[in-house]
Amino acid sequence: MLRQVFWVSAAMCGVANASAQLSVGAGLATVRYPGGSTLSTPSVSPAFLFSAPTFTANLTGALALLPGSVLYSQGRVDLWGATAPLGERHLRLGAEGLWSGSTRSDGGRTTTAQGVVELLWSVPAGGVGVGGGPSYGWIAAQPPSVTALHWRARAWWQRGTASATLSVEPTRFLGAWFTDVMAGVVVSPADGKVVASFSAGGRISRVYGSKGVASGFLQYYVTPALALEGGGGAYLSDPYQGFPRAGYVAAGVRWFPPARREVAAAPVKTAPPLVPYRRGDSLFVRFSMPGAESVAIAGEWNRWTPAPLRAVGDDAWEGRITLAPGTYRFNLLVDGHDWVVPAGVATLSDGLGGLVALLVVP
């Protein structure tokens, strides 16, 4: 019954495009149910995100202590992938599979699974997707299980360090329709110290009733490895697992273990690292990317969140960075979907079969 809060807590690891990101959160959540009853519980929530241009795996979980010394655990696996372009460079097929489940030490168990196949059209600044698939839900001691068919239409936009999403999901559930509509905005300044998000929407149904919800979240990075996070709002009921609609307030801390470093510190290929140039009191980087429609830089200093560069003519792209002296790993995101290591810059293995470029601030 608390799994929506825990999913949000785990997801508050930021909007990042790193190859892999592990984090562990700990905090306290207070949930208020219809009728006025409340429940406060401490929890631990690990999360793992693997991201590539055409594949994403997001794994989250939570372990909480409920009143009466009841242990509650929850897990969620969300996998998304897309094909190569279907003739037209902006058109692809995508598929998403989601599984989640919960268990209690006093015997309660639930599970749900969903699948969606969709047609995607995307450009660097955003895109749209339309598709559908089956949904399944099961609650212990309440047979039989339920299945449903749900459809999804969604759109997303990216401008600078802000992104927005909109989704509409009609579902045929136990002989009647309900439609979930959700919109969200995520903002992360270029320095990567703050990640803020807001979402609002609701469920529309003549049979199941119409309800609205909204929530907001804020994450502040005290250090690159430690963030304070908090949020509040309300979430919709989950008919597949029998969880009711409720309001909540949550706060905690999240730790990001440092990425595993290569034993060999030598670059993979003999080339100098990138050294930014100075213009007044500011540092700038510049890259040549012939034919690119957009270029963004992402690195350790901003938790691999792409920061757009601006075109300055002759296929050159430039951007200002704020960094203390040191050595940093980075890559470029070209046209919103291709990760590129700039030519002529020293590289290291990222430990996952790819390469990252090196930047040195003297």
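Is R279 buried, exposed or partly exposed? R279 comes out as partly exposed, at a relative accessible area of 39%; here buried means under 20%, exposed over 50%, and partly exposed in between, with a 1.4 Å probe and protein chains only. Everything below comes from a predicted model, where local features need pLDDT of at least 70, side-chain atom pairs count only at pLDDT 80 or more, and totals for chains, interfaces and linings use all residues. Residues are numbered from 1 along each chain as its sequence is written, and side-chain values use heavy atoms, leaving out hydrogens and water.

**View A. R279 and E318 pair up across the chain.** The closest N and O atoms of the R279–E318 salt bridge are 2.8 Å apart; the rule asks for a side-chain nitrogen of Lys or Arg within 4 Å of a carboxyl oxygen of Asp or Glu. R279 sits in strand β15 and E318 in strand β20, 39 residues apart. Strands here are DSSP runs of E with at least two residues, numbered from the N terminus.

View B. Four strands line up as β15-β16-β20-β19, with antiparallel pairing. β15 (277-279) and β19 (310-313) are the edge strands with a single partner each, so one side of each has no neighbour in the sheet. From one strand to the next, the twist averages 40°, using axes fitted to C-alpha atoms and angles from 0 to 180 degrees between N-to-C directions. Strands count as paired if DSSP finds at least two bridges between them; β16 (residues 282-288) and β20 (residues 316-321) have six. One spot to look for is L283, whose bridge partner in β20 is I321.

**View C. R254 keeps two polar partners.** R254 and E229 meet side chain to side chain in a salt bridge at 3.3 Å, N to O. R254 belongs to β14 and E229 to β13, so the pair ties together parts 25 residues apart in sequence. R254 is buried at 0% relative accessibility, and E229 is buried too, at 8%. The side chain of R254 also makes a polar contact with that of S45, at 3.0 Å; such a contact is a pair of N or O atoms within 3.5 Å, one able to donate a hydrogen and the other to accept it, and residues adjacent in sequence count only if both atoms are side-chain atoms. S45 lies in strand β2 (residues 38-52) and is buried at 1%.

View D. β12 (residues 211-223) and β13 (residues 226-235) pair antiparallel over eight bridges, and a hairpin of two residues joins them. On this pairing, G216 stands opposite G232. β13 also runs antiparallel to β14 (residues 246-255), with ten bridges; L226 is partnered there by W255. Both L226 and W255 belong to a nonpolar surface patch, whose members together have about 640 Å² of accessible area. β12, β13 and β14 each supply at least two of its residues.

**View E. E300 and R329, a loop-to-strand pair.** These side chains meet in a salt bridge at 3.0 Å, N to O. E300 is in the loop between β17 (295-299) and β18 (307-308), while R329 is in strand β21 (residues 326-334), 29 residues away. R329 is buried, at 10%.

Notes. Patch = residues over 30% accessible without salt bridge, like charges linked within 9 Å, V, L, I, M, F, W, Y side chains within 5 Å. Areas by Shrake-Rupley, 256 points an atom, 1.4 Å probe, with all protein chains shown as cover.
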